[in-house]
Amino acid sequence: QIGVADSPVVVKNPYAASSRGMGACEFTKLDELVVCLGAWLAENKVPALVQERIRMSRELRLTYVMGTIVHGYWRVKEKASDLSASTMFGNSRLDFDVPLKEMAPFVRDFAGRTGILTGGMDVAFPDDDLTRAPVVFEVSPVFDANPPPPPEYERQPYAHFKQSEAFPS
């Protein structure tokens, strides 16, 4: 159930990747949420996933196989208020200084409890507080192991590197 206290929420296409079809609904009355969701459904023509919008300036992408992390990075948003940290559509950068050891038990437990043994897991910490419980908001069966950018791209949006000749393909 969703109540007014849950505003804002994120609305997502359950079949899309890279933040395609992602939107947000802010509301002070449930009627406003119904209108926002109705507009999203009419535009996207697929069922909607509705999630709490977590305040964060970065999210973890952890790629794991059989419950073991094999790759990871932070997606750092250009602005904390940005809806998505996607490297395809946003101006996010990647940071490869990731707490892999600390996250390993969490990922192993998640894989065991859900039966999702391999995936690209998107994890956020509310308010960027690493002492709070991590929130998994997506596990994708399709994922890239994005490589660290060369020094000349480190301070640029990762999309610039991905679209350059320097990106390994």
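Contact here means heavy atoms within 4.5 Å. Helices (H or I, at least four residues) and strands (E, at least two) are DSSP runs, numbered from the N terminus. The model is predicted: local features need pLDDT of at least 70, side-chain atom pairs count only at pLDDT 80 or more, and totals for chains, interfaces and linings use all residues. Residues are numbered from 1 along each chain as its sequence is written, and side-chain values use heavy atoms, with hydrogens and water left out.

Start with helix α1, residues 30-44. The expected span of a helix is 1.5 Å times one less than its number of residues. For the 15 residues of α1 that gives 21 Å, and the end C-alpha atoms are 21 Å apart, so the two agree.

Now look at its sides. Leu33, Leu37 and Trp40 of α1 are buried (under 20% relative accessible area; exposed is over 50%, partly exposed in between, with a 1.4 Å probe and protein chains only). Seen down the axis, the buried residues of α1 fall within an arc of 60°, so they line one face. That arc is taken from the directions from the helix axis to the C-beta atoms. The cover over these buried residues includes β1 (9-12), β2 (23-25) and β3 (49-52). Asp31, Val34, Val35 and Glu43 are exposed, on the face turned away from the buried side. Just after α1, Lys45 takes a positive phi of about 55°.

Move on to Gln156. It sits in the loop between β8 (135-140) and α3 (158-162). Gln156 counts as partly exposed because its relative accessibility is 29%. Its side chain joins that of His160 through a polar contact of 3.2 Å. Such a contact is a pair of N or O atoms within 3.5 Å; within protein, one must be able to donate a hydrogen and the other to accept it, and residues adjacent in sequence count only if both atoms are side-chain atoms. Phe143 is 13 residues from Gln156 along the chain, and their C-alpha atoms are separated by 22 Å.
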